[in-house]
Amino acid sequence: MTQAFYTAIGGMAAGQTKITVVADNIANMNTIGFKASNVNFSDVYYRTSSTGQAPTGQMGGINPKQTGIGVQTASITRDLSAGTTLTTGLNTDLCINGSSFFTVASPTVEILYTRDGNFTVDADGHMVTSSGYKLLGTNNSLNTTSSTIPIKIPTYIDTVTIPATQAQMANKALDELNGIKSGGVKDGSFIITTFDKAGTPTAKTINVTSDMTVNQLLDAINKAGGVQASIVDGAVSIKADGVDRFEVKNGTSNIVTQLGIGKMDPTTKVASSEVINYHQTIGEGNMGSDNSKNFTSVTINENGLIEVKYGNNDTLSVMQDPTDPSKMILKYTLNDGTIITGSDLTVNDQLVEPANLQIQMASFVNPQGLTAQGNNTYATGPNSGMVLYGSISSTAFGNVKSGVLEGSNVDLASEFADMVVSQRAIEANSRVFTTTNEILQTLSNLGR
């Protein structure tokens, strides 16, 4: 008889566990990125007074006789389905479209995971959570080891844009030059016509391809004779060499137009192109300095790539490395649309690297195995399985939406229903407790 006491107590404890979980869910119904939990129960060990009997001869079989002794909490599972979306309009507010997690570093540099995309930029340019945890970036498309490099925006920069030298441009292909007009150089030919003092013309056809280098172009011009070509201040300079004058015109290629080669100056006998390649230097600026540019806005695209805009309307961002698609390289865009990257971009003072401007994501074999750490974060658990880290551009992590947050996925109607059912379960178990007590009291009175 006393077993009924403990069975009823176990039932009330189970109901209390359910109420506790419901209370936590309801308390966090407005928490960004919160995932509701559910309690699952199972029955406990059975007391067996008879194991039953198989049919024999004229006797039928007998079923086992077992008495259950209560209930236990089998599991508390987290509902990882997406929550409601909340539009904020703030560029640094992010919502994950997929099952992955942002990675952040705690004050002890422990790697934690969160669905809370409510990020802000602190005084040092780091993107941080509301608790001050730094959002992490990466320069790897996929990896099994987490990066520890934080997202960091250079808040003040000092930049110098100068025409590239011939040495810097020598081995660059024509289609790699950052100053060439949109559309690039088409394969074909162009014509240089030279004139002697008597005005007699001599036309010379020079073949070009978009992948020929600057040095190959200069050699082709110089071998044609009558003119001498070189690079001066980032532009192609063609000078009369033993002829009275010359003209340069497109043939089947558009190179003359694309390079912006003008007419020969009658005084200097030189025809120059526009600047066809720039070199950019970026250093750390200082607040209030005349030559420093302060950042004015941050834009984050669906692949987690960050673009920083500065007061002069130049932008700093990253792009896929043409030589290694799994990596990103820095990209500086002038306000006229000229894109400077690769060897044409020099960054001083270890100011920024590609990983600072590409958000790292994480994906788990069993995200249910994560352990909650508070502050809207999780840590890996014994059963969370292998972690895959990388950038959203790898397509393994879904994508992000800027200007939107993921709200809680708590279903208030379901929570109220669970609360009522749990309350009734506790009441019913308490009735069992009372009834058992009354029976024992009656048995005790029988001896009087």
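I started with salt bridges and found 9 in the structure, counting a side-chain nitrogen of Lys or Arg within 4 Å of a carboxyl oxygen of Asp or Glu. This is a predicted model, where local features need pLDDT of at least 70, side-chain atom pairs count only at pLDDT 80 or more, and totals for chains, interfaces and linings use all residues. Residues are numbered from 1 along each chain as its sequence is written, and side-chain values use heavy atoms, with hydrogens and water left out.

I looked up Lys-181 and Glu-274 next: their side chains form a salt bridge at 3.1 Å, N to O. Lys-181 sits in the loop between helix 2 (166–169) and strand 14 (188–195), and Glu-274 in the loop between strand 19 (270–272) and strand 20 (278–284), so the pair ties together parts 93 residues apart in sequence. Helices (H or I, at least four residues) and strands (E, at least two) are DSSP runs, numbered from the N terminus. Lys-181 is partly exposed at 33% relative accessible area, and Glu-274 is partly exposed at 42%. My cut-offs: buried is under 20%, exposed over 50%, partly exposed in between (1.4 Å probe, protein chains only).

Then I went to helix 5 (residues 412–446), which holds both Glu-427 and Arg-424, 3 residues apart, about one turn of the helix. Their closest N and O atoms are 3.1 Å apart, in a salt bridge. Glu-427 is partly exposed at 38%, as is Arg-424 at 46%.

I also noted Lys-35, Arg-115 and Glu-406, linked in a network of salt bridges. Last, I checked Glu-247 and Arg-245, whose side chains meet in a salt bridge at 3.9 Å, N to O.
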